[in-house]
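Below are some short notes on the model, kept to points that can be checked against the coordinates. Please read them with the structure open.

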Amino acid sequence: MPELEIVRRTGLLDLADGLALQQDLHTAVVAARSPGAIVLCEHPSVYTAGRRTEPSDLPTDGSPVVEVDRGGRITWHGPGQLVAYPIVRLAEPLDVVAWVRDLEQVVIDTAAAVGVHAERVEGRSGAWVRGNDGAPDAKVGAIGLHVAEGVTSHGIAINCTNALDAYAAIVPCGITDAGVTTLSTEAGRPVTVEEIAALVAPRIQAAFDHMHAGTRQETLV
């Protein structure tokens with residue numbers, strides 16, 4: 001399988017610039033000028049609303065929201081959160097749900113590599129840390145995709161060292177009975193964006209390779 005280009009943007013990448021970068025890469029993959037790419041970045045604090053966002057999900061404090069073409073509902077991006085955008089061509093026949101599951105496994109395996117047990121919750125996308133003693137489950141990694149002409153954009157957001165107060169103003173991903181957490185909180189130590197970026201990229205490459213080889217992703221911890 002071809003090696004995906006790694007596009008690592010350090011510092012904070014403005015969301016509009018990130019969307020434009022994705023569009024440029026998407027166009028290149030559609031035209032077969034690129035085998036695909038993985039964008040790894042952090043954004044300044046911003047709320048983004050996917051196609052299924054409901055008015056009741058929106059910020060209670062009047063904060064601005066950027067509408068984007070990914071699936072899912074509202075979420076937050078900001079410093080301390082790694083965003084990974086795999087811009088890749090899906091294997092034929094297209095199976096978007098299978099690619100979502102592959103990306104969930106990427107987050108689960110990445111969390112395991114830093115000592116955090118995350119898992120899927122039936123009926124909900126993303127990677128979750130189960131609550132103990134009656135505490136709600138908490139999402140540590142979110143997934144949201146857009147697919148056009150067989151090529152994906154958007155992708156994964158993994159909470160690393162970010163504060164969680166921005167989530168209090170919204171209904172994250174439209175889910176009212178669960179919380180959010182970070183890898184640092186669950187690991188009991190700082191788990192940086194740089195550390196997670198280095199772990200995520202090869203796992204996305206492995207998922208891409210397995211998809212195009214006709215097999216699903218194996219656990220890579």
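What is the order of the three strands in the open sheet?

1. The order is E4-E3-E5, and the pairing is mixed. Strands here are DSSP E runs of at least two residues and helices are H or I runs of at least four residues, numbered from the N terminus; two strands pair if DSSP finds at least two bridges between them. Strand E4 (65-67) and strand E5 (74-77) are the edge strands, each pairing on one side only.

2. This is a predicted model, in which local features need pLDDT of at least 70 and side-chain atom pairs count only at pLDDT 80 or more, while totals for chains, interfaces and linings use all residues. Residues are numbered from 1 along each chain as its sequence is written, and side-chain values use heavy atoms, with hydrogens and water left out.

3. Strand E3 (residues 46-49) runs parallel to its partner E4, with three bridges between them. Ala49 is opposite Glu67 in E4.

4. Helix H4 (residues 193-213) contains 21 residues and spans 30 Å from first to last C-alpha, close to the expected 30 Å (1.5 Å times one less than the number of residues).

5. Cys41 is buried at 0% relative accessible area (buried is under 20%, exposed over 50%, partly exposed in between, with a 1.4 Å probe and protein chains only). Cys160 is also buried, at 0% relative accessibility.
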